[in-house]
Amino acid sequence: MLATLIHPRVLTALALLVAGAGLSITAWQGPESAMLVPRIVLTIWCVMALAILVGELIRQAPRQRTAKAPRARSPLPLLMAAVLIAAVATASLGFLIPVLPLVALTLWLFRIRRPLPLVLGTIVIGGGLWFLFHHVLMIRLPALLTNGVI
């Protein structure tokens, strides 16, 4: 049982659940109208994290391998670090400059490596996200540099 609880997928799901619950507490204390979308997103986040956690706990832990085969490293820590860097950089660089390399890295990790689909996907997804937030959801995001350089 203890080996099941220490499994990385279980710990990741538990961390996501705790982070989502903590952010939800903050979101529910904010103003009613401005926090509607974050409340919905965080509720979905917590439900999904709880479902993943329950699914991982119900599923049997994999048996130990007899032969030591080389294990492939997960790209998840790299993607998590890139999301964190992009989120922090958005405050000074605007939305598009940090999100375009993040989308390109995500597509690369999803094995989209031919140049044309990679570039087109990066531009369409990055620009589409900005258009979605700015024009559809009416959440004004800074397009480019906002720290006074331009």
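1. In this predicted model, the face of helix H2 turned away from its buried side carries the exposed residues Pro8, Val18, Ile25 and Thr26.

2. The buried residues of H2 are Val10, Ala13, Leu17, Gly20, Ser24 and Ala27. They lie on the same side of H2, because they cover an arc of only 115° around the axis.

3. A nonpolar patch is found on the surface, formed by Leu36, Val37, Ile40, Val41, Ile44, Met48, Phe131, Leu132, Val136, Leu137 and Ile139. Together these residues have about 960 Å² of accessible area. Two or more residues of the patch come from each of helix H3 (36–58) and helix H6 (115–136). The most is given by H3, which supplies six residues.

4. Valine 41, a member of this patch, is found in helix H3. Its relative accessibility is 47%, so valine 41 counts as partly exposed; the range for that class lies between 20% and 50%.

5. Histidine 134 belongs to helix H6. This residue has a relative accessible area of 16% and is therefore buried, the limit being under 20%. Leaving aside residues up to four places away in sequence, histidine 134 touches Ile139, Arg140 and Leu141. Of these contacts, Ile139 is also one of the residues that form the nonpolar patch.

Conventions. Residues are numbered from 1 along each chain as its sequence is written. This is a predicted model: local features need pLDDT of at least 70, side-chain atom pairs count only at pLDDT 80 or more; totals for chains, interfaces and linings use all residues. Side-chain values use heavy atoms; hydrogens and water are left out. Patches are made of residues with over 30% relative accessible area and no salt bridge: like charges are joined within 9 Å, nonpolar side chains (Val, Leu, Ile, Met, Phe, Trp, Tyr) within 5 Å. Accessible areas come from the Shrake-Rupley method with a 1.4 Å probe; for residues, only the protein chains shown count as cover. A salt bridge is a side-chain nitrogen of Lys or Arg within 4 Å of a carboxyl oxygen of Asp or Glu. Helices (H or I, at least four residues) and strands (E, at least two) are DSSP runs, numbered from the N terminus. Buried means under 20% relative accessible area, exposed over 50%, partly exposed in between (1.4 Å probe, protein chains only). The arc is that of the directions from the helix axis to the C-beta atoms. Contact means heavy atoms within 4.5 Å.
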